[in-house]
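Dear colleague,

I am handing over the structure that we talked about, and below it you will find what was found in it. Please read the notes with the model open beside you.

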Amino acid sequence: MALDAQLLGILACPEDKGSLYYFPIDEFLYNPRLGRKYLIRDDIPIMLLEEALTVDDSERLRLQERITAEGILPTFR
Amino acid sequence: MPNLDAIVKAYDIRGIVPDQLDANIARALGVAFAQFAGGQTIAIAHDMRPSGPELVDAFQRGVLSQGVDVVNLGLASSDLLYYASGKLDVAAAMFTASHNPAQYNGIKLCLSGARSIGIDNGLREIKTFARAALNGTSPAPKGKVGALSHRNLLTEFAEHVVGFIDQKNLRPLRIVADTANGMGGLVVPAIFEHLPIFELEVMYGDLDGTFPNHPADPLQPANQRDLQARVVAGGFDVGLAFDGDADRVFLVDELGRGLSGSTTTALLATAFLLKKPGSTILYNLICSKAVPEVIAEMGGIGIRTQNGHSYMKQVMAETGAVFAGEHSGHYYFADNYRADSGLIATMTVLGEMCRTGKPLSELRIPLERYASSGEINTTVADISKVIERLASDYSKYPQDRLDGLTVDCGSWWFNVRPSNTEPLLRLNLEAATRDECDNHVVELLSVITSI
């Protein structure tokens, strides 16, 4: 149930227009600058500001560690 | 394994080159910043420190390796870089260590639109990315390397800055600027080229990151001495003291007396409230009580804010404030992407002098109403114990904890707050007269040092 690679190559945060980090198993896209998660439901990323979840500081750090540990690349470049 | 914790501070990255910050670490930080910022392009500039070019080169390679483009602006003041971040809408990195001694260098990072990045909103993440880059565990980027271009924005920046003064209303003022061998030596003359009616003399204008004349920290009175003497000897209308990266400025009146950051904030607030009546103006809580009084008298909305540029900018964004001032000589402008600029502050002051035709020694009088202690730092073993003791000793007075502890004793007030880098307690106090101020300082220091 992975997002299409082409789609991943263009997905950006609707708020700051920067790239996101894709967590396929947890099914969300993450913006480390704003500490925000955009959930993916039924393979469709919900790129809506009002549906986005803001994470607390300890989760920010956890997700950050996972990005580097799992070698997750940012979307588009 | 290089120690990133030692160089990643609350608001920026800073360390001794090469012991703490070298090309390898700079490269890793470039990789990290590119990964964090998430945009297509990053702008980079540096100040006159000798280690600048090598660190920039390494950082740049790190950024380009991630497929992110670089716009290299070359030698710049910090406010020029913030302007670029706003104008070009790109994340940016400024290599500077402001007024720190010559062997230091550092990086100030911001997202597009000059949005600053501190430890709570990105530096921690960037540290993690950098660690992976140093470990060699950073994922290899999938696309091609980024493109490098060079741009000189000095002229555009000068035009932007000059837009803050009313050019139809100028008088032939004589101005002397002490740029302390810092970046002011490049940007100050460039701005004044557009204002030929002003006569400008520059002291210590050679860019020299070894600071051969005096430290580039105008907040210290000792560093203003040469400028004050020159203002008087040369009969200038005003003296300007810039710091190393030229984002801060301190004023000296025609009698050779320096103006505090509070007085300058009040003067700038006046100018903005005349141009835009009813505006919101921010001031940090260390400023003199005169500042909120002046704002209210001029019909503005004053908001008292925590110290530090990330708070000032955040509250500016939330409140739509047109201007924010700090006692430390940082002045932020909504029309400058909310970034601070010593030059834009200068333009505003010169504009006031031209509009009124009055000397600075006269303009300052209604703005200086109280006696201030200046910032007194004491080494303290247990900072929170001292703060709690003061809170309890002065419990009968209104207090707040916006930043450290502030106590309002009616005819006088004080603030104590911890330094975020050293085990110091910073005391700022203001009273109606010099004697009362001195007495209260003694009163407080005796408690502070007794614990």
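The buried residues of helix 7 of chain B are B:G184, B:G185, B:L186, B:V187, B:V188, B:I191 and B:F192, where buried means that 20 or more other C-beta atoms, placed from the backbone, lie within 10 Å of the residue's own. This helix is therefore mostly covered, with seven of its nine residues buried; helices here are DSSP runs (H or I, at least four residues) and strands are runs of E of at least two, numbered from the N terminus.

This is a predicted model, in which local features need pLDDT of at least 70 and side-chain atom pairs count only at pLDDT 80 or more, while totals for chains, interfaces and linings use all residues. Residues are numbered from 1 along each chain as its sequence is written, and chains are lettered from A and ligands numbered from 1 in the order in which they are written.

The domain assignment, which is automatic or from a database, divides chain B into domain 1 (4–152), domain 2 (156–252), domain 3 (261–367) and domain 4 (371–450). Between domain 2 and domain 3 of chain B, the centres, taken over C-alpha atoms, are 19 Å apart. Their contact (C-beta atoms, placed from the backbone, within 7 Å) takes 23 residues from domain 2 and 22 residues from domain 3 of chain B. On the domain 2 side, helix 6 (154–162), helix 7 (184–192), strand 10 (238–242) and strand 11 (249–252) of chain B each supply at least two residues.

Best wishes

Technical notes: Two residues are in contact if their C-beta atoms, placed from the backbone, lie within 7 Å. A residue is buried if 20 or more other C-beta atoms lie within 10 Å of its own, exposed if 12 or fewer, and partly exposed in between; C-beta atoms are placed from the backbone.
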